[in-house]
Structures are given as C-alpha cells and as structure tokens.
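Subject: Structure for you to look at

Hello,

Here is the structure I promised to hand over. Please open it beside this email and follow along.

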Amino acid sequence: QVQLVESGGGLAQAGGSLRLSCASASGRALSTYAMGWFRQAPGKDREFVAAISRSGETTRYADSVKGRFTISRDNAKNTVDVQLNSLKRDDSAVYFCAARSAILSQSIFTTRTGYSNWGQGTQVTVSS
C-alpha cells in the first residue's frame, strides 16, 4: 500500500492552466506503480483522465483531455504530475491520483479497476 497526496488544485479561468502533483505521503517509492489521474464532478461517476506507465514511456489520455493535458512522472522525486492547459468549465471536478502495482514497466491502466491506492483528491474549478 502507498499513501498518496495530491496538490495544485484551485481556481482557474477558462483557457488557463493548472499543474497538479501527486506524491507518496508514506515515502514508499512510486516507481513500482503504474499511475493514473481520475476526476469526479458533482453527480457524476469518477472518470479516467490520464495514465502513465512505471517507466514513464507510455501514456494514455481520455479523449476529452487529449492535446490539453500532459501527464508526467519523476521517479527520482517520487512524483507524478498532470499539466492542465486550455481549461474548460467541464474540467471542473475533484481530481484524484491513483496507483496500481505493475510488474511490467510498460503496463498502463485506464480503468478504475485494479487501482487500489487513491489520494484524497484536489478540487479544480474553472470559471468562464
């Protein structure tokens, strides 16, 4: 198990940018985990946003954020970030970081199933 903590959320204007960061609160290395970002808006299910493999060489994005969001990781610093650009009002949600154990360095997971470690979430609000 790894404890995750997100930071970087806040209020942004439409068209603006935010950078969210996820770190290991317990000090456990994130390098053994495939990582993902998910989000949940009020009254909606938690949905996939972006994922990255253990090595960082493979990434996947939801169609709704492709070309606007960029996920990255720094295994030396034990962090996983997601850069949110060209924000839209529909991007407003609580954003969650998640970790899933992965044997293969290139494995990547885009569904909630199997992610057993979750952060508490960080709020992103986009105003028009």
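Which residues do ring pairs link into a cluster? They are Phe 38, Phe 48, Tyr 115 and Trp 118.

Some ground rules before the details. This is a predicted model, with residues numbered from 1 along each chain as its sequence is written. Local features need pLDDT of at least 70, side-chain atom pairs count only at pLDDT 80 or more, totals for chains, interfaces and linings use all residues, and side-chain values use heavy atoms, with hydrogens and water left out.

**The chain as a whole**

The chain has zero helices and 11 strands. Helices (H or I, at least four residues) and strands (E, at least two) are DSSP runs, numbered from the N terminus. Along the sequence the pattern reads β-β-β-β-β-β-β-β-β-β-β.

The C-alpha trace spans about 40 × 30 × 25 Å along its principal axes. The radius of gyration is 13 Å. A compact globule of 128 residues would come near 14 Å, which agrees. This radius is taken over C-alpha atoms, and the globule rule is 2.2 Å times the number of residues to the power 0.38.

Of the 128 residues, 45% count as buried. Buried means under 20% relative accessible area, exposed means over 50%, and partly exposed is in between (1.4 Å probe, protein chains only).

Contact means heavy atoms within 4.5 Å.

**The rings**

Rings of Phe, Tyr and Trp (its six-membered ring) pair if their centres lie within 6.5 Å. Planes under 30 degrees apart count as stacked, over 60 as edge-to-face and the rest as tilted. By this rule there are four aromatic pairs.

Phe 38 and Tyr 115 make an edge-to-face pair. Their centres are 5.3 Å apart, with 75 degrees between the planes. Phe 38 lies in strand β4 (residues 33-40), and Tyr 115 lies in the loop between β9 (93-101) and β10 (117-118), so this pair ties together parts that are 77 residues apart in sequence. Both Phe 38 and Tyr 115 are buried.

Phe 38 also pairs with Trp 118. This pair is tilted, at 5.1 Å centre to centre and 55 degrees between the planes. It links distant parts of the chain: Phe 38 in strand β4 and Trp 118 in strand β10, 80 residues apart. Trp 118 has 25%, so Trp 118 counts as partly exposed.

Look at Arg 46 next. Its charged end sits over the ring of Phe 96, 3.6 Å from the centre. Arg 46 also lies over the face of Trp 118, at 5.0 Å from the ring centre. A charge sits over a ring if NZ of Lys or CZ of Arg is within 6 Å of the ring centre and within 35 degrees of the ring normal.

**The disulfide**

How many disulfides does a search of the whole structure find? One. A disulfide is a pair of cysteine sulfur atoms within 2.5 Å. Here Cys 22 is joined to Cys 97, S to S 2.0 Å. The torsion about the S-S bond is about -75 degrees, so the disulfide is left-handed. Cys 22 lies in strand β3 (residues 18-24) and Cys 97 in strand β9, so the pair ties together parts that are 75 residues apart in sequence. Cys 22 and Cys 97 are buried.

**The core**

A nonpolar core is a set of buried Ala, Val, Leu, Ile, Met, Phe, Trp, Tyr and Cys residues joined through side-chain atoms within 4.5 Å. The largest one has 37 residues. Those with the most contacts inside it include Leu 4, Met 35 and Trp 37. Strands that each supply at least two residues of this core include β3, β4 and β9.

Pro 42 is in the loop between β4 and β5. Pro 42 is exposed, with a relative accessible area of 78%.

Gln 106 is in the loop between β9 and β10. At 34% relative accessibility, Gln 106 counts as partly exposed. Beyond its neighbours within four places in sequence, Gln 106 is in contact with Ser 53, Ser 55, Glu 57 and Thr 58.

Best wishes
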